[in-house]
Amino acid sequence: RGQNKRKAVVMSGTNRTILRVDASMRRQKSVSRMLADEMVSLLGARQPGIHLINRDLAAGVGIVNAAWIEAERTFEENRTPDQRALLTQSDALVSELQAADDLVIATPIYNFSVPAALKAWIDLICRDNITFVYENDRPRGLLANKRATVIITSGGTMADTDVDYASNYIRHIMEFIGIMDVSVIDVTGLAKNRRKVIADARREIAIVSERSANSQRNLSVAE
């Protein structure tokens, strides 16, 4: 009941885009989806001037194969129509990321790591000279000035332990493409104390969304 009393803390009237990526294969009874609903609401998804993009990976996402790699490595002006078609979904996913000011990734841990669909999404958005570039043998992300919130859920696999191969991986990918402001909402251990884990996550979501609002207010004043 408590979450229904919370109000969006992002200033209304600001033109911002939120990209929400859901990686749970369950559309019903999914804790990550439930908390993502609350997160985007607190970020102002229903406020004027806020555009919400929903990317539900349960609806399907392509995987990288040999033909895709060849198309991606071919200079754009030299690509065949078939190669351009192969990159259509990747181009769309990248465009969503480029447009976003706030990124919300909601994912469970499957077998100690990220779901296959989220890994496929990552493979499709990591594009050389588009979302990252190598300079002097070091990568530099090209998606600056964005914030990411990662809501990560699990029944038994605990975040930031030796068997968690998801949390730090997602954070690394975000930084690799240039998103340095990354907040991870720990919703692991649901099998042990579901009520407390969700309550703690809701408190953290409120803190992160308030911090986002404060950053936007400061930016508005600076402008």
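Contact here denotes heavy atoms within 4.5 Å. The structure is a predicted model in which local features need pLDDT of at least 70 and side-chain atom pairs count only at pLDDT 80 or more, whereas totals for chains, interfaces and linings use all residues. Residues are numbered from 1 along each chain as its sequence is written, and side-chain values use heavy atoms, with hydrogens and water left out.

View 1. Beyond residues up to four places away in sequence, Ile-177 touches Leu-97, Ile-125, Cys-126, Thr-131, Gly-141, Leu-142 and Leu-143. A nonpolar core is a set of buried Ala, Val, Leu, Ile, Met, Phe, Trp, Tyr and Cys residues joined through side-chain atoms within 4.5 Å; buried means under 20% relative accessible area, exposed over 50%, and partly exposed in between (1.4 Å probe, protein chains only). The largest such core has 38 residues, of which Leu-103, Leu-118, Trp-121, Met-174 and Ile-177 touch the most other members. Among the elements that each supply at least two residues of this core are strand E1 (16–22), helix H4 (88–99) and helix H6 (167–176). Helix H5 gives the most, with seven residues. Helices (H or I, at least four residues) and strands (E, at least two) are DSSP runs, numbered from the N terminus.

**View 2. Leu-103 in strand E3.** Leu-103 lies in strand E3 and is buried, at 3% relative accessibility. Its C-alpha atom is separated by 6.0 Å from that of Arg-20, 83 residues apart along the chain. Setting aside neighbours within four places in sequence, the contacts of Leu-103 include Leu-19, Val-21, Met-174 and Ile-179.

**View 3. Strand E6 and its pairing.** Two strands pair if DSSP finds at least two bridges between them. E3 and E6 run parallel and are joined by seven bridges, with Ala-148 as the bridge partner of Leu-103. E6 also pairs in the parallel sense with strand E7 (residues 181–188), over eight bridges; here Ile-152 stands opposite Asp-186.

View 4. Phe-112 is found in the loop between strand E3 (102–108) and helix H5 (116–125). This residue is partly exposed, with a relative accessible area of 42%.
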